[in-house]
Amino acid sequence: MADLKLTDVEKTYGGTVNVLNNINLDIKTGELIVFVGPSGCGKSTLLRMIAGLEKITGGTLTIDGDLMNDVPPAQRGIAMVFQSYALYPHMTVRDNMAFALKLAKKSPAEIDEAVNRAAKVLQLDEYLDRLPKALSGGQRQRVAIGRSIVRDPKVYLFDEPLSNLDASLRVATRIEIAQLKESMPNSTMIYVTHDQVEAMTLASRIVVLANKGIAQVGTPLELYETPENEFVAQFIGSPAMNLMSGEVVMSGDVTEVKLDDGSGLIKANIPTTDADRGLKVNVGIRPEDMVVTEGDDYAFRGEVAITEKLGEVTQFYFKPASEGASQVIAKLAGIHNGMRGQVMSMTADPSKVHLFSNGQSLLYR
């Protein structure tokens, strides 16, 4: 398939409204890259720039070393699957999938071979003679994907392809896309979504977009376990990572922080120096890493305001220690009844504690 490289890419509308800045990204053959970020961060805009549907106003895009900035979309070797299925309602599944090949004046034998091969991969063999109205939402989305596969493109682009499906269909179709990628290991795919589960389960690497640029690029577990900044720390993971302000009181290979709300000490396996003593930091602990402790060995103590019993876990929402303080959430395995109004003491393993200064992780200084 193809290597794709973005170098110093920018997007500006009307010469004044800048929406993307300094986008540098090197995508290798066989990767499935997922763009995530808040609404309006430029995920779909960046995808459309790669497709050629939006003009690149700064920087360069290359595919296999060839400059693509001014190459028309049809000549870039790219296939795009949109949020809407955009199937022709009067055409059968076979004709929908074959349409682009007919326009390219491929022979009937080539078209049949490509359509049948894609239908087999997507398990659409028995639906080839049906009209779209006789298909479920998930099957229609598979037809839209199949329409891309038959073209044998260099790069596949997916723009929130599951957002129009209900919850159960999203799960099923997400699994199908993962299986499709496994069956096409050399295919290069770029996938836009706002759904963290899709990003974490599908991606080779995730690109988190924020503030007109890239906040971090990494594997799903890299972003989850070692976020570079507070934005990524809170964007990846549900519920979001707890952030509690404090001050470094002991430095070394293991750093100790005193929380500002008057709670106890928390240790973090993050090295600091004597110069860091007194440094104001935000302590990050994921809700699922909070553990109950007894006695004086605690980092946080608070009164339970609300509990959410989800079956496999219970989520505890603690009353803020003071006005303006961040809400702390703990996520504990099992069902816990009668805990509302109770005071709980919590801590976390030092290997699970993150420290941020001025929004940036101390690990990456």
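Author: Two strands count as paired if DSSP finds at least two bridges between them, and the strands themselves are DSSP runs of E with at least two residues, just as helices are runs of H or I with at least four, numbered from the N terminus. The model is predicted, so that local features need pLDDT of at least 70 and side-chain atom pairs count only at pLDDT 80 or more, whereas totals for chains, interfaces and linings use all residues. Residues are numbered from 1 along each chain as its sequence is written, and side-chain values use heavy atoms, with hydrogens and water left out.

Reader: How do you know that β1 is joined to β2, and by how many bridges?

Author: Seven bridges join β1 to strand β2 (residues 17-27), which meets the requirement of at least two, and therefore the strands pair. They run antiparallel, with K11 opposite L20 in β2. In their hairpin, three residues lie between the strands, and G14 takes a positive phi near 65 degrees.

Reader: What joins β1 to β4?

Author: Strand β1 (residues 4-13) is joined to strand β4 (residues 58-63) by five bridges, and these strands run antiparallel; K5 stands opposite T62 in β4.

Reader: Why are β13 and β21 said to stand at the edges of the sheet?

Author: The open sheet has six strands in the order β13-β12-β11-β14-β20-β21, with antiparallel pairing. β13 (265-268) and β21 (360-361) each have a single partner strand, so one side of each is left without a neighbour in the sheet. Within this order, β11 (residues 242-250) and β14 (residues 280-285) pair in the antiparallel sense over six bridges, and N242 has I285 in β14 as its bridge partner.

Reader: Which residues of α4 meet α5?

Author: With contact meaning heavy atoms within 4.5 Å, G137, G138, R142, I145 and I149 in α4 meet L169, T173, E176, I177 and L180 in α5. By class, this contact of α4 with α5 has five nonpolar, three polar and two charged residues.

Reader: Which residues of α2 meet α4?

Author: The axes of helix α2 (residues 93-103) and α4 come within 8 Å and cross at roughly 35 degrees. V93, N96 and M97 in α2 meet V143, G146 and R147 in α4, and the residues of this contact divide into three nonpolar, two polar and one charged.

Definitions and conventions:
Nonpolar A, V, L, I, M, F, W, Y, C, P; charged D, E, K, R; others polar. Axes fitted to C-alpha atoms, helices over the stretch in contact; angles between N-to-C directions.
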